[in-house]
Amino acid sequence: MNSKEELKKAAGIHASTYVKNGMKVGLGTGSTVKYTILELGRRIREEKLEISCVPTSIATEKLSIEQGIKLYELSSLEGLDLVIDGADEFNKELTLIKGGGGALVREKIIAQASEKMIVVADDSKKVDTLGKFPLPVEVIQFSWKETRRQISKITGISESKIIKRITNDKTFITDNGNYILDLHLEKIEEPEKLESNLNSLAGVLDCGLFCNIANKVVLASLNGLEIIEN
Ligand code: 5RP
């Protein structure tokens, strides 16, 4: 395992210590929270941990089932105690960019349904100013070009910097059947304003800015683990 993978593992495993018996837990998506899910699976098997979980993506659903984690529909649980999820970037206010894995809409729904959000990250995710990581925006297929035009107008960036996500030579389709536009903004000075402006467009489902949602980041670096609280 290379050192970055070790850091992801350390953060992911530590975050699982916040999960207690009887909790309702949202399970995020990505290569860091994967280690939280594996650790929860171990605790279920070896320590008889009892928890009710909701996955934020089809990929996480599959992994959780393999780990023997009991899954529920979000609508059947009336709120969650905690969600643990990764991030692509976070700043000192714990504002996040998410959606590198394309699961941002379900991730935000589940984060908003949770009393607390714990983010797991290695130190490459910590930034002074958000925006180097392209901001994912989930858009309806029907109007994606028009939505791109509108996004260009409200952000001031050219359409060439608003890129329809392609993976393995195919347009990426989200678990909700939509496209992702990745916005190469470089700098986001006012994340709340940008989130609100983007989300006011009819063709936009949501964007990957998570403002005033995360409570804690479990950050792993070569110096060890740091818990950053809001
Ligand atoms: C998926 C996400 C992920 O949480 C984010 O991309 C971080 O993933 P990783 O831990 O693999 O770096 O937002 O939509």
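View 1. The model is a predicted one, where local features need pLDDT of at least 70 and side-chain atom pairs count only at pLDDT 80 or more, while totals for chains, interfaces and linings use all residues. Residues are numbered from 1 along each chain as its sequence is written, and side-chain values use heavy atoms, with hydrogens and water left out. The domain assignment gives domain 1 as 4–125 + 211–221 and domain 2 as 135–206; such bounds come from an automatic or database domain assignment. Taken over C-alpha atoms, the two domain centres sit 25 Å apart. Domain 1 puts 15 residues into the contact and domain 2 puts in 16, contact meaning heavy atoms within 4.5 Å.

**View 2. Helix H1 against helix H2.** Here H1 (residues 3–15) crosses H2 at roughly 50°, their axes coming within 7 Å. That angle makes H1 oblique to H2 (under 35 degrees counts as roughly parallel, over 145 as roughly antiparallel, 65 to 115 as roughly perpendicular, and the rest as oblique). Axes are lines fitted to C-alpha atoms, for helices over the stretch in contact, and angles run from 0 to 180 degrees between N-to-C directions. Helices are DSSP runs (H or I, at least four residues), numbered from the N terminus. The crossing of H1 and H2 is right-handed, that is, the near helix is turned clockwise from the far one by less than a right angle. Among the residues in touch are Glu-5, Lys-8 and Lys-9 of H1, and Lys-34 and Glu-39 of H2. By class, this contact has five charged, three nonpolar and two polar residues. Ala, Val, Leu, Ile, Met, Phe, Trp, Tyr, Cys and Pro count as nonpolar, Asp, Glu, Lys and Arg as charged, and the others, Gly among them, as polar.

**View 3. Helix H2 again, now with helix H3.** H2 (residues 33–47) packs on H3 (residues 58–66) with axes 9 Å apart and an angle of about 25°, so the pair is roughly parallel. Lys-34, Ile-37 and Leu-38 of H2 meet Thr-60, Leu-63 and Ser-64 of H3. That set splits into three nonpolar, two polar and one charged.

**View 4. Helix H5 beside helix H6.** H5 (residues 144–155) and H6 (residues 191–199) cross at roughly 150°, with axes within 10 Å, and are therefore roughly antiparallel. Ile-151, Ile-154 and Thr-155 of H5 touch Leu-194, Asn-197 and Leu-198 of H6: four nonpolar, two polar and no charged residues.

Terms used
Helix = DSSP H or I, 4+ residues; strand = E, 2+ residues; numbered from the N terminus.
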